[in-house]
Structure formats: C-alpha cells, structure tokens
Amino acid sequence: MSRAEDREQLRNLNLVELQQELRATRQELFQNRVRYATRTLDNPEPLRKGRKKIARILTYIRQRELADGQA
C-alpha cells in the first residue's frame, strides 16, 4: 500500500477505529524494537515507518478532537 493510500485509509476511520489502530501500531513497533535489539531484524526501516505512522494517527485523532470541540 502506498503512503497516500495509507493516509487516505486512516483519514476515513472514526475515532474509535483510530485508537484501535494506534494500539496495534504501537504493539507492532514494540515487537520490531525487540526484534531489532535481538538482531533478528536487520533493517531499521520498520522502526521509522512505525514511528511515523503513530505520529500520523495521533495527528488525525487530535484533528477529530478539535473538530468535535468546535462543533
């Protein structure tokens, strides 16, 4: 999936689904960190992608919170 498709998919999720996705992504990032520390993950790219996805999800959650507060 391309970055644009990933962003579009996240943009279309509601707040509860975004929070579930955040939990899942944080768990995946934790597992990748453990794998990287134990040297079973050679490429650190999944770590960077995971952090960026978490930041993106948190941004969408904050946008939803602000939109609900102003309405």
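Which loop holds Asn14? Asn14 lies in the loop between α1 (3–11) and α2, where helices are DSSP runs of H or I with at least four residues, strands are DSSP runs of E with at least two, and both are numbered from the N terminus. The legends below begin with the whole chain and then turn to single sites.

The model is predicted, so that local features need pLDDT of at least 70 and side-chain atom pairs count only at pLDDT 80 or more, whereas totals for chains, interfaces and linings use all residues. Residues are numbered from 1 along each chain as its sequence is written, and side-chain values use heavy atoms, with hydrogens and water left out.

**Figure 1. Overall arrangement of the protein.** The protein contains three helices and zero strands, and its elements follow the order α-α-α from the N terminus. The C-alpha trace spans about 50 × 20 × 15 Å along its principal axes. The radius of gyration, taken over C-alpha atoms, is 14 Å, while a compact globule of 71 residues would have a value near 11 Å; the globule rule is 2.2 Å times the number of residues to the power 0.38. Of the contacts with a separation of 6 or more, 69% join residues 24 or more positions apart, a contact being heavy atoms within 4.5 Å.

Figure 2. Of the 71 residues, 21% count as buried, that is, under 20% relative accessible area, with exposed meaning over 50% and partly exposed lying in between (1.4 Å probe, protein chains only). The mean positions of the 16 positive and 10 negative charges are 7 Å apart. Lys and Arg count as positive and Asp and Glu as negative, without His and the chain ends; each charge is placed at NZ of Lys, CZ of Arg, CG of Asp or CD of Glu.

**Figure 3. The largest nonpolar core.** This core has 10 residues: Leu10, Leu13, Leu18, Leu22, Leu29, Leu47, Ile54, Ile57, Tyr60 and Ile61. At least two of its residues come from each of α2 (15–37) and α3 (45–70), and α3 gives the most, with five. A nonpolar core is a set of buried Ala, Val, Leu, Ile, Met, Phe, Trp, Tyr and Cys residues joined through side-chain atoms within 4.5 Å. Leaving aside residues up to four places away in sequence, Leu10 touches Leu18, Glu21, Arg56, Ile57, Tyr60 and Arg64.

**Figure 4. Asn14 and Leu15.** Asn14 is partly exposed, at 41% relative accessible area. Its C-alpha atom is separated by 8.5 Å from that of Arg64, 50 residues away along the chain. Leu15 is found in helix α2 and counts as partly exposed because its relative accessibility is 28%. Beyond residues up to four places away in sequence, Leu15 touches Ile61 and Arg64. Leu15 and Tyr36, 21 residues apart in sequence, are 31 Å apart from C-alpha to C-alpha.

Figure 5. Asn32 lies in helix α2 and is buried, with a relative accessible area of 9%. Its contacts, not counting residues up to four places away in sequence, are Leu41, Pro46 and Leu47. Arg39 is found in the loop between α2 and α3. With a relative accessible area of 72%, Arg39 is exposed. The phi angle of Arg39 is near 65°, a positive value in a residue other than glycine.
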